[in-house]
Amino acid sequence: MASIVENVVRSTVAKGMGKVAAFNRRRLPHEEHPFLTGIHQPMTDELTLTDLAVTGAIPPVFDGRYLRIGPNPIKPDPAGHHWFTGDGMVHGIALKDGRAQWYRNRWIRSRHVGEVHPDGAAPGPRHGFDTVNTNVVGIGGRTWALVEAGSYPVELSDTLEEQTYNAFDDTLLGSFTAHPHRDPLTGEHHAVAYEGTDPGVVRHIVLSPDGQVVREEPIAVAHGPSIHDCGFTARYAIVLDLPVTFSMKAMIGGHSFPYRWNEGHQARVGLLPRGGADADMIWCPVDPAYVFHVANSFDDADGRVVLDVAAYRTMFADGRHGPDGQNLGLERWTIDPAARTVERRTIDASPQEFPRPDERRWGQPYRYCYTMALPDTAADQFVGATRLYKHDLETGTRAAHEFGAGRYPGEFVFVPAYADAAEDEGYLIGLVVDLPGETTDLVILNARAFAGDPVASIRLPHRVPPGFHGNWLPDAG
């Protein structure tokens, strides 16, 4: 890890570069921004709504909260804005006894939000930047809002009314990730984190079942790669070191998201033995590509590692506004640690994102994967597509759920019908924006009748802008 002297020097340089970037940002064009208008136009108020209208019947398993987070700038400014860097806003809907009890949306009160929010900035220690906008998860019986590359997590109360920046009770030394994954066999969470100010190191982090950091192992890299997600198997943690890296040119130019496609960066997948150190890394070259999200990963019977991903040919070649690469669909990457090779195979070439399995199968062989379709044409890339996919990886077949014209789903998450339910015996839950009507529905689908009508739908009388990640957090009991 970097020494204290190195960190002081790096911090001083970063502050100087930040002033240059802020000056240049003011000189960028104030053009209409695709992620500040239309379906992405930010909400302007925090709402509390009760006794929401329900169509259909909410299944008994839904006793808890559906939470989703995404960017929602409190003072929108198109100059230098990037979708990934907007102020975070978390949306929550509480379900119990077949009723939709409440909806709340709350900004994550960073220092920037605190300048104008009546409650000021949230308490707690800061680490680098403090905009948190990417995922909201349950760890150790507590609720956490997450981002990568800098800020500590933010702990949220069950009602979303209280929030505190919290480094997992002071057990986390550096930045965290937006995508920790729980090992259902051990209860641990695994993560790969990168530090925006330290381009030479990423870290494998392990959280104990009660949410304390028990491992924070440094791994040497080059160029400051952006590593959004990771995977793990019974034997390995998986590091995706791909050619999107820190760009000093983009940062100095005033762009708030300073990562760009880097043709000079070797694309590779790293296998770190669980419990191993940097010297034990098995690096395997792969054809240039980028991956935001992992569907799942596991060890196969021949000693190889299987990694299913939503892949892109490139990403952030321009990158001024948001994602801009060609989506290659759902791929299976088979990694041979002995030969140090990666074989890529297309599962489904249709553009798609946000792959989610039944997460009781994380790190193990699995059969079903659910994804959100992406538009087929560039003209619709900032709006979205109107359907979801269900992949049967055993038969190679795909089902689709079509929501209809003008209705745009986000990421959906699988919820088993009961503790010992079969892999696809349960429900999918997520938000769907009705753009013509400027409303939003929390929709529940039957995973085994995927193309059929929703089991239940909860209406919100306003448009929730598209965001990033959501999860179902059941009440303890």
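This report describes the overall build of a predicted model and then several of its residues and strands.

## Basis of the model

Because the model is predicted, local features need pLDDT of at least 70 and side-chain atom pairs count only at pLDDT 80 or more, whereas totals for chains, interfaces and linings use all residues. Residues are numbered from 1 along each chain as its sequence is written, and side-chain values use heavy atoms, with hydrogens and water left out.

## Overall architecture

The chain contains three helices and 33 strands; these are DSSP runs numbered from the N terminus, with helices (H or I) of at least four residues and strands (E) of at least two. The chain is as compact as a globular protein of 477 residues, because its radius of gyration is 21 Å, close to the 23 Å of the globule rule. That radius is taken over C-alpha atoms, and the rule is 2.2 Å times the number of residues to the power 0.38. Along the principal axes, the C-alpha atoms fill a box of roughly 60 × 55 × 45 Å.

Of the 477 residues, 58% are buried (under 20% relative accessible area, with exposed over 50% and partly exposed in between; 1.4 Å probe, protein chains only). Among contacts (heavy atoms within 4.5 Å) with a separation of 6 or more, 60% link residues 24 or more positions apart.

## Strand β4 and Ala94

Ala94 belongs to strand β4, residues 88-96. Its relative accessible area is 4%, and Ala94 is therefore buried. Beyond its neighbours within four places in sequence, Ala94 is in contact with Gly64, Arg65, Arg99, Ala100, Gln101 and Trp102.

## The β6–β7 hairpin

Strands β6 (residues 135-139) and β7 (residues 142-146) form a hairpin with two residues between them. They run antiparallel and are joined by five bridges; two strands pair if DSSP finds at least two bridges between them. In the turn, Gly140 has a positive phi of about 60 degrees.

Strand β6 is largely enclosed by the rest of the structure, because four of its five residues are buried.

## Non-glycine residues with positive phi

Asp169, although not a glycine, has a positive phi of about 60 degrees. Asp169 is located in the loop between β9 (163-165) and β10 (181-182) and is partly exposed, with a relative accessible area of 35%.

Phe354 is likewise not a glycine and has a positive phi of about 50 degrees. Phe354 lies in strand β24, residues 352-357, and counts as buried at 12% relative accessibility.
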